[in-house]
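Subject: Structure handover

Hello,

I am passing on the structure we spoke about. Please open it alongside this message and follow the residues as they come up.

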Amino acid sequence: MKYLDALIIGAGFSGLYQLHCLRDKLKLNTLVVEEGKDIGGTWYWNTYPGARCDSESFTYGFTFSEKIFKNWTWKERYPKQNVILKYLKYFSNELKLKKNIVFNEKVISAKYIEKNNLWKVQTNNKKKYYTKYLICAVGSLSSINVPKIKGINHFKGQLHHSGRWPRKKINFKNKIVGQVGTGSTGIQIAPEIAKRAKKLILFQRSPNFSIPARNRKLTKKNIKNYKQNFKKLRNFLKRTPGGHPFEFPKKSAFDFNETKRNLLYEKSWQYGTLSFRATFNDIVKNIKANQTAVNFIKSKIYSTVKNKKYADILTNFDHPFTAKRPTLNTNYYEMFNKKNVELVDLKQSPIIKITKRGIKTNKGEYILDKIIFATGFDALTGSILKLNITGKKGINLSKFWSKGPKSFLGLLVPNFPNLFIVSGPGSPSVLTNVPVQIEQHVNWITNCIKYLEKNRKKSIETTNLAAKKWQKEIMNSVKKTLFMKAKSSWYKGDNIPGKPKTFLPYPGGMPKYKSECIKVEKNKYKELKIS
Ligand code: N01
């Protein structure tokens, strides 16, 4: 049994920075409990072939310390999974974080003991911790979604989910591989598997929009430039809606004739990065402007993919561009010109079951050596609810969120005093370049705890009213976007059977969100309950 000031669950980006802030700035007795064998969070688990971040490397890290920022050098435009892990190890070594982290320990429950104002946290190793503050830093995309397909346990070959990729290298040589899922992950894995396997059969349920990443080595000039402009870059990232190094222009798609518009799209297409969506200011909010982007992307797919049937399947979009998370790719569309790649349209021929030998659709059985599920996550709420958290009066979080997550700013939950969530539902989280949002969140939590400690307060809790108002703000903000026009998306919880259907992240942009957070802090948390 151990008594702590603060216990943080998870040793990814958020847990590591939160540990530094609470331990080193506030001098609190702090511990991180991590399920994995090492630090990294998302980047510890997602080791699948081709795993790389879609954010540009020089923006994908912490900016609170100029020294830490400048002493690390990103060498490619987009960082590979193992490079991000190296970066986090560098970060952790610089701040000597590991000594306050326990690994291989999974939190199985957390219960608020009202009479002592303490959280009792239990782990799978039968360890018990008592802590004043409990911080969930479990990541938005951690709880994997393995679809419940009939017969899944009967398959005799190997079956892997991208989010729990084995550490041991998998041999694809001479193998027939089936891959289910064509989101950000699937679009990264497939071209890598196609290079190595005898055959790749890709099972697509819905096509996703994908823009060429155009990864490259950073030149010495690029590196010097981003380091020299550290302060400017930091301020810029914090000012933009998504924490990315691009802004939306003033011009609408309709300020140009079709020829000029397509020339501008072509320029963005050649440039790569997630900034394609910012070619014009109205792509993400006006359905007609959006359609011009859709038409351009479709024309690119048709000019790349030689097999017309495949091009038709890949362009059969059921959502506007950006209504679901748009993806970046390296040779994804080009891959369909390879002889060893087959595309199966699950809209035409749905999977009936998994057999001993492979995948059976209503058009026949595909014999496979391996199946890869790139089927995503129970996003934003899944990893938090798995912790089995019980607040005041025995209220269980799963029950309290049974109709969707209720929180204030995604940070605090009514009935759950001194529980803080980093990048949780109700915060901009997955709609941003996540480390930028994490830094803002952790700073807010740290200031809040500092206030409580300085004023010798026992606890802080949000009210139901504040949570309701925030939920209303989320719903009002989402109306100004195209997100709800996606038939099915994990942003709305559609991918998990039985999950409440509600828009999960805050879509109003980081500057607006941040100003709300600052208001609460400046107001000395008056709209919250402090005792
Ligand atoms: O997961 P997804 P992901 N039968 O949920 C399909 C971040 N990320 O791991 O679209 C058949 O997006 C599903 O089909 P449909 C990023 O934020 C970032 O790819 O629901 N298919 C879809 O094609 C991203 O958005 C990076 O019809 C089934 C796919 O599986 C988030 O993580 C890299 C199915 C799931 O796509 C999640 O991405 C990777 C079924 N039963 C991830 N169930 C970078 O920064 C699901 N699917 C690069």
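Which residues form a positive surface patch? The patch is made up of Lys450, Lys454, Lys524 and Lys526.

Before going further, some ground rules. This is a predicted model, in which local features need a pLDDT of at least 70 and side-chain atom pairs count only at pLDDT 80 or more, while totals for chains, interfaces and linings use all residues. Residues are numbered from 1 along each chain as its sequence is written, and side-chain values use heavy atoms, with hydrogens and water left out.

The surface patch

A patch takes residues with over 30% relative accessible area and no salt bridge, joining like charges within 9 Å and nonpolar side chains (Val, Leu, Ile, Met, Phe, Trp, Tyr) within 5 Å. Lys and Arg count as positive, Asp and Glu as negative, and His and the chain ends are not counted. The place of a charge is taken as NZ of Lys, CZ of Arg, CG of Asp or CD of Glu. Accessible areas come from the Shrake-Rupley method with a 1.4 Å probe, and for residues only the protein chains shown count as cover.

Lys454, one of the patch residues, is in helix α14 (residues 434–454). Helices (H or I, at least four residues) and strands (E, at least two) are DSSP runs, numbered from the N terminus. Lys454 counts as exposed because its relative accessibility is 69%. The cut-offs are under 20% relative accessible area for buried, over 50% for exposed, and in between for partly exposed (1.4 Å probe, protein chains only).

Salt bridges

A salt bridge is a side-chain nitrogen of Lys or Arg within 4 Å of a carboxyl oxygen of Asp or Glu. By this rule there are 25 salt bridges. Here are some of them.

- Lys70 and Glu66 form a salt bridge in which the closest N and O atoms are 2.8 Å apart. The two are four residues apart in helix α3 (residues 66–70), so about one helical turn separates them. Lys70 is partly exposed at 29% relative accessibility, and Glu66 is partly exposed at 29%.
- Asp312 and Lys308 meet through their side chains in a salt bridge of 3.1 Å, N to O. Both lie in helix α10 (residues 308–314), four residues apart, about one turn of the helix. Asp312 is partly exposed, with a relative accessible area of 30%, whereas Lys308 is exposed at 53%.
- Lys519 and Glu516 form a salt bridge with the closest N and O atoms 3.5 Å apart. They sit three residues apart in helix α16 (residues 510–522), so they too are separated by about one helical turn. Glu516 is partly exposed, at 22% relative accessibility.

Buried residues and their contacts

Contact means heavy atoms within 4.5 Å. The contacts given here leave aside neighbours up to four places away in sequence.

Where is Thr462 found? Thr462 is in the loop between β19 (460–461) and α15 (464–479). Thr462 is buried, because its relative accessible area is 0%. Its contacts are Phe408, Leu412, Val413, Pro414, Asn415, Ala467, Leu528 and Lys529.

Asn415, one of these contacts, lies in the loop between α13 (397–400) and β18 (419–421). Asn415 is buried, with a relative accessible area of 12%. Asn415 touches Gly391, Lys392, Ile395, Phe400, Glu461 and Thr462.

Thr131 belongs to strand β6 (residues 128–136). Is Thr131 buried or exposed? Thr131 is buried, with a relative accessible area of 0%. The residues it touches include Leu4, Asp5, Ala6, Leu7, Trp119 and Val121.

Two backbone angles

Asn331 is not a glycine, yet it has a positive phi of about 65°. Asn331 is in the loop between β11 (327–329) and α11 (332–335), and it is partly exposed, with a relative accessible area of 46%.

Asn418 is likewise not a glycine and has a positive phi of about 60°. Asn418 lies in the loop between α13 and β18. Asn418 is buried, because its relative accessible area is 0%.

Regards
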